[in-house]
Every structure is written in C-alpha cells, then in structure tokens.
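Try each one before reading its solution.

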Amino acid sequence: MRAALVTRPIDVAAMIAEVADPSCGAASVFLGTVRNVNDGRQVTGIEYKAYEPMAVREIGGILSRARDRFGIEHIVVEHRLGFLELGEVSIAIVAAHPHRQAAMDATRYAIEEIKKKVPIWKLEHYADGSREWVDPTRAADDAPQPGPVAEVVG
Amino acid sequence: MAGEVEVKALLFASYADAYGSGEVRLLLPVGSTVGDAVDAVRAKSPTAIPARPLVALNERYATLDDALSSGDEVALIPPVAGG
C-alpha cells in the first residue's frame with residue numbers, strides 16, 4: 001500500500017508494475033483526468049493544492065480501510081498537485097487482487113472516499129481568464145456530495 | 001505567556017484567499033477550543049469563512065469543541081474537491 005502526492009506526471013504503467021503479484025489475477029485502474037467543462041463553464045486547466053501531510057495521512061487511512069473491507073493488499077494511489085492541462089491525469093488508483101471483484105470494488109471505494117474526505121482543492125481556470133475554487137457542496141457535479149460534518153470526523 | 005496558548009491556524013483554498021494568508025499565529029486564553037480559534041480567524045474575514053467550517057487539529061479531523069494546547073496546529077478546511 002502506498003499513498004503519495006506528486007508534482008510530476010503520474011506514471012500509470014509504473015504503478016501497475018508496482019502492484020503486480022503472481023497471486024493476483026486482476027488489476028483495476030482508476031484514473032481521474034482534467035475535464036474541459038464544469039458546471040457549464042469552459043475549463044482550460046486545474047490547479048491542485050493540498051494540506052499535504054494530512055492528505056497523505058487521510059489517503060493512507062482510506063487504503064487501510066480498503067484492505068480491511070476488500071482484502072486488498074496491493075493498492076497504490078498517486079494524486080498530482082500543481083497546474084494540470086486538460087486531459088492530464090490528476091489521480092491514479094491501482095489495486096491488484098486474486099479476483100477482479102475485490103480489485104474493482106477497492107478502486108471505486110478509494111476514489112469515492114478520497115473525494116469526500118481528503119483535504120485537496122482544485123482551482124479551475126476558465127476560458128474567460130477567471131479562476132474559481134471548486135466547491136462540490138455548491139456546484140452541480142457528477143461526484144457524490146460530501147456528507148455532514150459528523151460523517152467526516154474521525 | 002502564562003494564561004495563554006499559542007497555536008498556528010492554517011487556511012486553504014478559498015479561505016486562504018479570503019483571509020489573505022494561509023497561516024496565522026493566534027494567542028488565545030488557556031481553555032480555548034478549536035472553535036475559539038475559528039472565531040479569532042473569522043474576526044478578520046467573517047463573511048468568507050463559515051462559522052462552523054470543517055476543522056482539523058494536528059492533521060486529523062476534529063470538532064469545534066476540542067481543546068487547544070500550545071503548539072497545536074488548527075486547520076480550517078474548505079469543502080474538499082480532490083480526485
């Protein structure tokens with residue numbers, strides 16, 4: 001298990017190699033990429049920032065819970081920080097398991113939890129030159145909405 | 001100083017922009033809580049930072065009622081948007 005914040009392009013092939021294990025018959029990959037539109041506005045790029053030590057700690061906790069829930073021993077997450085162009089990979093989650101169901105469940109669980117709980121923010125840059133911090137509690141988004149505070153605490 | 005605790009408050013994203021800085025040192029009376037630190041920060045930017053934001057104490061999610069000690073790091077966490 002490994003969680004990292006990186007400022008270089010994410011090397012997905014290296015992450016797949018990292019989780020490879022002869023006992024595993026499945027590797028599941030989730031990639032988050034920079035989209036060209038959000039909430040009806042033309043996006044030209046996204047700048048990611050994090051409360052770095054807490055973000056690494058929180059992702060690590062999510063991976064530990066993924067291990068407990070799905071029996072996943074081989075799972076790695078890299079989240080990129082800084083300015084990303086359209087189409088670039090902002091997050092990659094790779095999980096390997098003897099069977100596909102657990103591998104896929106673990107990657108899905110990890111991305112949903114990361115979106116809800118990890119202190120990372122994105123400053124969208126728009127075609128008209130303006131910039132705005134994304135607030136998933138306000139904007140229409142395809143991501144699940146964060147729960148109440150009590151659900152996040154602990 | 002006797003009778004006070006010194007803590008560091010961190011602000012991020014929209015909160016940092018509103019406050020004009022990502023970090024501030026606060027001197028608060030002994031017995032102060034995370035919520036008191038939030039109030040002290042909001043005294044400068046009352047509209048841009050909600051009265052009950054998500055908070056962390058020493059890199060872990062916390063509640064506004066948690067007590068502060070000198071050297072603590074309080075973070076005011078805007079709605080997260082990673083991924």
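**Exercise 1.** Which residue takes a positive phi just after H2(A)?

Gly71(A) does, with a phi of about 70 degrees. A word on conventions: this is a predicted model, in which local features need pLDDT of at least 70, side-chain atom pairs count only at pLDDT 80 or more, and totals for chains, interfaces and linings use all residues. Residues are numbered from 1 along each chain as its sequence is written, with chains lettered from A and ligands numbered from 1 in the order in which they are written.

**Exercise 2.** Compare the reach of H2(A) with the span expected at 1.5 Å a residue.

Start with the limits: helices are DSSP runs of H or I with at least four residues, strands are E runs of at least two, and both are numbered from the N terminus. H2(A) covers residues 52–70, 19 residues in total. The expected span is 1.5 Å times one less than the number of residues. From first C-alpha to last, the helix reaches 27 Å, close to the expected 27 Å.

**Exercise 3.** Is Val38(B) buried or exposed?

First, locate Val38(B) in helix H2 of chain B, residues 34–42. Next, apply the cut-offs: buried means 20 or more other C-beta atoms within 10 Å, exposed 12 or fewer, partly exposed in between, with C-beta atoms placed from the backbone. Val38(B) is buried because it has 20 C-beta neighbours inside 10 Å.

**Exercise 4.** How many residues of chain B are in contact with chain A?

Count pairs whose C-beta atoms, placed from the backbone, lie within 7 Å. That gives 17 residues of chain B, in contact with 29 of chain A.

Notes: Contact = placed C-beta atoms within 7 Å.
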